[in-house]
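Trainee: I am new to reading structures. Can you take me through one, feature by feature?

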Amino acid sequence: MGGGDLNLKKSWHPQTLKNIERVWKAEQKHEAERKKIEELQKELKEERAREEITRFAQETGALNSWDY
């Protein structure tokens, strides 16, 4: 007289395939957003470094403002 676990038929149960898939998709989305933010921070850091080098070169006279 089975029928299995009745809790698995509940929409809120964490072991239903639909909920497992929903959690997996949310984790994938979160990971993609984290990677995107990391990449943007890396690009911003590189851009700031280039600007700092250019500014230093201009201040020391190695690079004229019209050469840039």
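This is a predicted model: local features need pLDDT of at least 70, side-chain atom pairs count only at pLDDT 80 or more; totals for chains, interfaces and linings use all residues.

Trainee: Let me begin with the fold. How many helices and strands does the protein have?

Mentor: Count the elements before anything else. Here there is one helix and there are zero strands. The helix is α1, and it covers residues 17-60.

Trainee: Which residues does UniProt list for a domain?

Mentor: The unreviewed UniProt entry lists residues 11-47 as "domain: CBF1-interacting co-repressor CIR N-terminal". In the model, that span is 84% helix and 0% strand. Its end C-alpha atoms lie 49 Å apart.

Trainee: What share of the residues is buried?

Mentor: Burial is judged by relative accessible area, and under 20% counts as buried. In this protein of 68 residues, buried ones make up 7%.

Trainee: What is N19 in contact with, beyond its neighbours within four places in sequence?

Mentor: Setting those neighbours aside shows what else reaches the residue. For N19, the contacts are S11, W12, H13 and P14.

Trainee: Which polar atoms lie by the side chain of N19?

Mentor: Look at both backbone and side-chain partners. The backbone oxygen of H13 is 2.6 Å from a polar atom of the N19 side chain. The side chain of N19 also makes a polar contact of 3.0 Å with the side chain of R22.

Trainee: Now the charged pairs. How many salt bridges are found in the whole structure?

Mentor: A search of the whole structure gives three.

Trainee: Where do K25 and E21 lie relative to each other?

Mentor: Start with the bridge itself. The closest N and O atoms of K25 and E21 are 3.2 Å apart. K25 and E21 are four residues apart in helix α1, so about one helical turn separates them. K25 is partly exposed, at 48% relative accessible area. E21 is partly exposed as well, at 42%.

Trainee: What does E31 form with R34?

Mentor: A salt bridge, with the closest N and O atoms 2.4 Å apart. The spacing is three residues in helix α1, so E31 and R34 are about one helical turn apart. E31 has a relative accessible area of 31% and is partly exposed. R34 is partly exposed too, with 34%.

Trainee: Which residue meets E38 in a salt bridge?

Mentor: R34 does, at 2.5 Å from N to O. E38 and R34 both lie in helix α1, four residues apart, or about one turn of the helix. E38 is partly exposed, with a relative accessible area of 44%.

Terms used. Residues are numbered from 1 along each chain as its sequence is written. Side-chain values use heavy atoms; hydrogens and water are left out. UniProt positions are given in the numbering used here, feature names are shortened, and annotations may be inferred rather than shown by experiment. Helices (H or I, at least four residues) and strands (E, at least two) are DSSP runs, numbered from the N terminus. Buried means under 20% relative accessible area, exposed over 50%, partly exposed in between (1.4 Å probe, protein chains only). A polar contact is a pair of N or O atoms within 3.5 Å; within protein, one must be able to donate a hydrogen and the other to accept it, and residues adjacent in sequence count only if both atoms are side-chain atoms. Contact means heavy atoms within 4.5 Å. A salt bridge is a side-chain nitrogen of Lys or Arg within 4 Å of a carboxyl oxygen of Asp or Glu.
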